[in-house]
Amino acid sequence: MTIDVATGIARILKQEGVDWVSTFPVCRVNNALGREGMPMLMLRDDRYAVAVADAFSRITAGTRIGVCTFQGGVNAAGLQYAYAGLAQAYEDGSPVLCITDGVPAGSSGNSQFDVASSMKTVSKWFGYLDKPERVPEFMRRAFTMLRSGRPGPVILAIPNATATYDETADPYRPVKGWKSAPDPADIRAAVALLLQARNPLIYAGEGVIYAGASGELKALAELANMPVITTLKAKGAFPENHPLFVGVRGDQVEHFLNKSDAILAVGSSLSPGRFSHRIPDAAKKTIIHCNVDELHINKIYPTAQAVIGDARMTLQALRQEVCDRTSGAGRPPGTMAAEVKAARDKGLAKYRELMASGEKPINPYRVYGDLMKVLDLHNSFVTHESGNTRDQLSTVFDTLIPWGFLGWGNVSTLGFSLAAAIAAKKAFPDRATVAVTGEAGLGYMLGNLEVLLREKLGVTVAHISNGGFAGYGPGFWGPGHDPFTHSVLGPDEVDMSKVIGALGFHSERVREPMEVVPALRRALATNASGRPAYIEFVCCQYPVYGQWVGRASE
Ligand SMILES: Cc1ncc(C[n+]2csc(CCOP(=O)(O)OP(=O)(O)O)c2C)c(N)n1
Ligand SMILES: [Mg+2]
């Protein structure tokens, strides 16, 4: 059977279990998607088309691949705008499939902006479909890369969507994806080092979540009696009510990072970025680095022992080796749980107090504390924005299940939270879903609020309204930061609840601390019927949160 390229791609996406595609028009593949009955989630800009698909891949840990389309070709306006979303997906290592029109044969070199070279900087693979009959090959390669190894975006450029090929010549079979087990000699060496250490610490990254290895992480931590910290992106990989959970950031994390003589890093690059820790005195510590590939080994810090392979198989093998070497006894429990509890109680004391605060304007921690009270933490999804909401929520929000909270952003592009909430609602329709944002994040998402109404996505946007861009460090108004560029019209000048209410959202403005819980309850109840909600919490400017170790506040 002869079919056109776009139809071939649409059919293969269905074979690969893709249920919907996010898009911003135009893209020539969209016509075939429509004809083949593939639902399309139309966003209001190209960056969001990428971000929603990206977030869907993250939230399902790559078990379901998010797919998006956007404009490309000679008039690559969509692609230029989508670049922000692609860069974020690449930075955070998200296995998202992006399809765009390619520059047609005979038109290369016309534009100033070089599509191919720009796309190569933000993808694991950029494929240009130079012959129609290569559709099955390209799609096989794409899904192989999306489902195997270190995750990252794949971008396919289709220069001629209406060109035809014989569908039966190379029939498509779905791609499984492959994992590899670590070298047993590395496992033995790693465990020998771990058992010699006096104060080993587990440093868990998002690779644990992609590998579906939360259970294995818990089993190893318990047997080896090691405290656990997670990265921002791995928040939730380890249950945060567990006696061995230290935190993501803050004084208690600093205490354990300083004290550790060995670090077992699993599924993390260990890169000291803007939103992660530096390892203090790294050269004096034994760093055992378990990763899916070699990219991050011996990067920044010397690696004492690398273990290359899938995080789940690695954690299983490490646990087995600890078990064998200790005749099943593991490392003696000692007073580890008590030490973790004491450090957490000390590090979190001031925030716990603030979570009960009756001060006005409302303290943002009061909103977070009440959010934890109102949500079923075993069946909900919360995400943050760039700015204070990230820093504060990742200090105090208790995440009990993987993806109960999406921490995102090695580099954090404002506005991603709404895309993440949309994706979460698509992935887990029954979970209460909340995006917490400041005014800058809200500005980035305004155009896309219509999508929630059109698609009947019951998401709550909780706005920590502090009248300015707190940003990071002491707040943009703080000394040495951006004191000239933080102030925007605040709640006294603009009533955003009226603006967003007029769109059709359930909307409220909350000034009283006692009203936080009832307002959240009303919002979530409205969400249950598919209506989105917006609540503006009129809050004080309070740029206080747990620090990243080794990074002076700035
Ligand atoms: C696309 C993008 N541009 C710039 C920044 C830098 N930035 C980080 S936070 C922030 C301001 C955040 O202000 P707001 O949304 O009001 O949150 P607050 O910190 O006040 O809670 C800015 C401009 C960014 N993260 N993303
Ligand atoms: Mg603000």
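Is P171 buried, exposed or partly exposed? Its relative accessibility is 41%, so P171 counts as partly exposed, because that class sits between the 20% and 50% cut-offs. Keep in mind that you are looking at a predicted model.

P171 and V538 are 367 residues apart along the chain, and their C-alpha atoms are separated by 58 Å.

Next, jump to the magnesium ion (ligand 2). Select E439, N466 and G468: these are its protein donors, through OE, OD1 and O respectively, and they lie 2.0 Å from the ion. Along the chain, the donors follow the spacing E-x26-N-x1-G. E439 belongs to helix α16 (residues 439–445), while G468 is in the loop between β18 (459–465) and α18 (496–503), so this pair, 29 residues apart, links distant parts of the chain. Colour by accessibility here: E439 is buried at 12% relative accessible area, and G468 is buried too, at 3%.

Last stop: show helix α12 (residues 336–355) with helix α13 (residues 364–374). Their axes come within 7 Å and cross at roughly 80°, which means α12 is roughly perpendicular to α13. Coloured by type, the contact residues divide into five nonpolar, one polar and two charged.

Key. Residues numbered from 1 in each chain as written. Chains lettered and ligands numbered in written order. Predicted model: local features only at pLDDT ≥ 70, side-chain atom pairs only at ≥ 80, totals over all residues. Heavy atoms only, no water. Donors = N, O, S within 2.8 Å, 3.2 Å for Na, K, Ca; no water. Helix = DSSP H or I, 4+ residues; strand = E, 2+ residues; numbered from the N terminus. Buried < 20%, exposed > 50% of the residue type's maximum accessible area, 1.4 Å probe, protein only. Axes fitted to C-alpha atoms, helices over the stretch in contact; angles between N-to-C directions. Parallel < 35°, antiparallel > 145°, perpendicular 65-115°, else oblique. Nonpolar A, V, L, I, M, F, W, Y, C, P; charged D, E, K, R; others polar.
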